[in-house]
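Student: I would be grateful for a close look at a single part of this model. Please describe how that part packs against its surroundings, in one connected account.

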Amino acid sequence: MDNSLLPGSGASAGFDAPLDMLSACHERIEKQCATLRRLPAHLAAHGADADARQAAANVMRYFDTAGRNHHADEESDLFPALLESMAGSDAVCLRDITTALTREHRELDRAWGTLRVQLESVTRGDASALDAAAVDDLISRHARHIAREEDELLPMARRLLSDEQLQEIARAMQARRGV
């Protein structure tokens, strides 16, 4: 099997460090995006062979589960905890950031929906189904979104959230995953 299409093992972090876990998820998203970036060229050279079909299935499985949970972790737990920790004009700034990130989640979901349909076709052997522009669009959106969360949101969360708030976020993340 040609492992050039398959992502390597991702970074890991435990539920005892939920912000690190969110950051590790960003790294895994980037690895899935790297697989997506290689897939159009692989399809052009080799068709929808077993490696291409497996890579498409793996990317779909990741974004359908872990990717969806990641957005829920942020929107349902992290964003509200951050907003609760702030007051006055700081809360307005934080609300702007979390509103923008939530909007980006919806845009990512729409871009993923388009690409997912194409990847499903690849898993069924259709080498012509994947639109490189759709791949590039999703990857670019993710890169910008991850940069904003890593550069702005997570440092702010590390500064503002108490150990108790982080434990509550961790419990919610575990429950969301049935752990």
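**Helix 2 and its surroundings**

Tutor: In this predicted model, the axes of helix 1 and helix 2 come within 10 Å of each other and cross at roughly 150°. Because angles over 145 degrees count as roughly antiparallel, helix 1 is roughly antiparallel to helix 2. The crossing in which helix 1 passes helix 2 is left-handed. By class, the residues of this contact of helix 1 with helix 2 comprise 16 nonpolar, six polar and four charged.

The packing of helix 2 against helix 4 may be set beside this. Here the axes lie 12 Å apart, and helix 2 and helix 4 pack at an angle of about 40°. That angle makes helix 2 oblique to helix 4. Helix 2 passes helix 4 in a left-handed crossing. On the side of helix 2, the contact is made by Phe63, His70, Glu74, Leu78, Phe79, Leu82 and Ser85; on the side of helix 4, the residues are His142, His145, Glu149, Leu153, Leu154, Met156, Ala157 and Leu160. The contact of helix 2 with helix 4 has nine nonpolar, four polar and two charged residues.

At least two residues of the lining come from each of helix 2 (50–85), helix 3 (88–123) and helix 4 (132–160). Helix 2 gives the most, with four residues. Sorted by class, the lining of the largest pocket has five nonpolar, three polar and two charged residues.

Asn69 lies in helix 2 and, once its neighbours within four places in sequence are left aside, is in contact with Arg176 and Arg177. The C-alpha atom of Asn69 is separated by 18 Å from that of Thr99, which is 30 residues away along the chain. Leu83 is also a residue of helix 2. With neighbours within four places in sequence again left aside, Leu83 is in contact with Ala91, Leu94, Arg95 and Thr98. Between Leu83 and Cys93, 10 residues apart in sequence, the C-alpha to C-alpha distance is 9.7 Å.

Helix 1 (residues 18–46) and helix 5 (residues 163–176) pack with their axes 9 Å apart, at an angle of about 50°. Helix 1 and helix 5 are therefore oblique to each other. In this contact, Pro18, Leu19, Met21 and Leu22 of helix 1 meet Leu166, Ile169, Ala170 and Met173 of helix 5. By class, the contact of helix 1 with helix 5 has eight nonpolar residues, with no polar and no charged residues.

To return to helix 2: this helix is roughly antiparallel to helix 1 across an angle of roughly 150°, is oblique to helix 4 at about 40°, and supplies four residues to the lining of the largest pocket.

Terms used:
Residues are numbered from 1 along each chain as its sequence is written. This is a predicted model: local features need pLDDT of at least 70, side-chain atom pairs count only at pLDDT 80 or more; totals for chains, interfaces and linings use all residues. Side-chain values use heavy atoms; hydrogens and water are left out. Axes are lines fitted to C-alpha atoms, for helices over the stretch in contact, and angles run from 0 to 180 degrees between N-to-C directions. Angles under 35 degrees count as roughly parallel, over 145 as roughly antiparallel, 65 to 115 as roughly perpendicular and the rest as oblique. Contact means heavy atoms within 4.5 Å. Ala, Val, Leu, Ile, Met, Phe, Trp, Tyr, Cys and Pro count as nonpolar, Asp, Glu, Lys and Arg as charged, and the others, Gly among them, as polar. A crossing is left-handed if the near helix is turned anticlockwise from the far one by less than a right angle, and right-handed if clockwise.
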